[in-house]
Amino acid sequence: MVKQVKQTFEDRIRVELKQRAEQQLIRFRRVATGPQAPMQQVDGKQVLSFCSNDYLGLANHPLVCQAVVKSVADYGVGSGAAHLVNGHSHAHHELEEQLAEFVGRERALLFSTGYMANIGVVTALLKRNDEIFEDKLNHASLIDAGRYSAANFSRYQHADLEQLAQQLEKSAAHNKLVLSDAIFSMDGDIAELDRLAALSQKNDAWLMVDDAHGFGVLGQTGAGTIEKFGLNQQQVPVFMATLGKAIGVSGAFVAGSNDLIEYLIQYARTYVYTTAMPPAFAAAASVSLRVIQQEAWRREHLQDLINYFRQGAADLALDLMPSATAIQPILVGDAERALALSNALWEKNILVTAIRSPTVPKGTARLRVTLSAAHSIEHVNQLLEVLAMHKA
Ligand SMILES: *Cc1c(COP(=O)(O)O)cnc(C)c1O
């Protein structure tokens with residue numbers, strides 16, 4: 001037997017941390033001491049923030065906060081158990097019914113996080129001899145879901161539906177699932193859901209869409225990217241979105257047929273074997289959904305800010321990506337430069353995080369600017385002024 005040199009956990013940790021540091025890829029946390037808002041208290045100073053996923057400014061909305069307070073008075077804080085034990089409250093149940101109606105599906109099921117929803121659905125649905133097809137730029141939770149499932153896992157180049165068509169046609173898999181972000185989280189572009197749906201149907205595949213960044217923001221009523229494309233339950237059998245971004249709370253849901261939801265209740269392990277989210281979060285999300293339905297101005301104002309920012313950035317010849325959404329990355333390329341730029345903005349009291357590998361491919365480091373309905377045109381002007389001073 002060949003004796004292998006063993007690397008202890010301590011050695012491994014030290015070596016890998018050192019590598020990350022040498023490549024300028026160490027991540028760190030800034031500490032916020034106040035709510036999500038354009039003017040945020042972070043690491044002891046007031047900064048103008050452009051990196052929240054609170055796209056509609058609801059994370060600290062008075063009615064949403066009140067809903068939490070009232071719910072805590074009714075239910076206390078902890079749900080106490082998993083949904084299938086005794087943790088499933090009326091607040092959870094009502095929210096599920098409200099969500100199903102809002103997105104035009106038969107039924108909806110709450111999960112404690114979007115990451116867990118994706119892992120749970122994919123690992124429950126796919127078996128050996130099935131195949132899953134994913135866009136290479138899908139969110140990490142979708143990629144991980146594909147990896148953890150027992151099925152074969154194929155990835156196609158970003159937005160390359162020709163390649164997907166070829167993969168689908170040559171697949172001999174028993175059941176096929178096409179899985180895509182609706183809005184790609186680091187680039188901000190919108191998937192061609194109509195073509196994805198047609199291609200899936202043509203190849204007897206199911207389409208699952210993760211609308212974490214579109215739900216609440218896009219569509220006539222705010223029901224998201226799937227509403228924007230007008231796709232029904234046959235076209236998108238598995239509708240997934242989160243409640244922690246535009247909804248301003250926490251958690252996620254999957255919506256679809258009665259049978260799909262019943263199946264997930266029985267078989268999705270990340271649903272069955274975890275504590276239900278606090279009922280207060282469900283109550284808050286319910287109120288937030290109502291605000292979204294009643295206040296279309298939030299979506300409209302956000303769209304105005306997006307157009308305004310893109311025009312201003314184009315005037316500065318910044319390298320924007322082809323995004324029509326609240327995610328407006330400025331491509332920098334080199335990780336070290338992206339970090340330096342983010343630090344320079346920080347010195348001017350503007351918070352925009354640098355996104356680097358492995359979150360995005362090497363050589364495509366970027367400043368991920370996100371806009372919110374809580375921003376004003378004046379806020380965007382401040383950002384553009386500072387960017388004008390620092391563009392290299
Ligand atoms: C944020 C996000 C998730 C994860 O949702 P959490 O509720 O934060 O776990 C899943 N998919 C996409 C596309 C996301 O952007």
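Me: What is the count of salt bridges between domain 1 and domain 2?
Reply: In this predicted model, the domain assignment gives domain 1 as 25-54 + 296-390 and domain 2 as 62-294. R366 and D187 form a salt bridge, with their closest N and O atoms 2.6 Å apart. The count between domain 1 and domain 2 is one salt bridge.

Me: How many Å² do domain 1 and domain 2 bury between them?
Reply: The centres of the two domains, taken over C-alpha atoms, are separated by 27 Å. Their contact draws 19 residues from domain 1 and 22 residues from domain 2. Carbon and sulfur atoms carry 58% of the buried area, and the area that domain 1 and domain 2 bury between them is about 1400 Å².

Me: At what angle do helix 2 and helix 12 pack?
Reply: Two packed helices are described by the angle between their axes and the distance between the axes. Here, helix 2 covers residues 62-75 and helix 12 covers residues 279-294, with the axes 8 Å apart. Their crossing is right-handed. The angle between helix 2 and helix 12 is about 150 degrees.

Me: How many residues of the contact of helix 2 with helix 12 are nonpolar?
Reply: From helix 2, the residues that meet helix 12 are L63, V64, A67, V68, S71, V72 and Y75. On the side of helix 12 they are P279, A280, A283, A284, V287, S288 and V291. Of the residues in this contact, no charged ones are present, two are polar, and the number that are nonpolar is twelve.

Me: Which residue forms a salt bridge with E162?
Reply: Side chains of opposite charge can pair when their charged atoms come close. The structure holds eleven salt bridges. In the one that involves E162, the closest N and O atoms are 3.3 Å apart, and the partner is R195.

Me: How many residues apart are E162 and R195?
Reply: E162 belongs to helix 7 (residues 161-170), whereas R195 belongs to helix 8 (residues 193-202). The pair thus links distant parts of the chain, and its separation is 33 residues.

Me: Which residue does a cis peptide bond join to S357?
Reply: The omega angle of this bond is about 5 degrees. The residue in question lies in the loop between strand 12 (354-355) and strand 13 (365-370). The partner of S357 is P358.

Me: What is phi of A159?
Reply: A159 is placed in the loop between strand 5 (152-156) and helix 7. The value is positive in a residue other than glycine, and phi is near 65 degrees.

Definitions and conventions
Residues numbered from 1 in each chain as written. Predicted model: local features only at pLDDT ≥ 70, side-chain atom pairs only at ≥ 80, totals over all residues. Heavy atoms only, no water. Axes fitted to C-alpha atoms, helices over the stretch in contact; angles between N-to-C directions. Helix = DSSP H or I, 4+ residues; strand = E, 2+ residues; numbered from the N terminus. Left-handed = near helix turned anticlockwise from the far one by under 90°. Contact = heavy atoms within 4.5 Å. Nonpolar A, V, L, I, M, F, W, Y, C, P; charged D, E, K, R; others polar. Domains from an automatic or database assignment. Buried area = accessible area lost by both parts, 1.4 Å probe. Salt bridge = Lys/Arg side-chain N within 4 Å of Asp/Glu carboxyl O.
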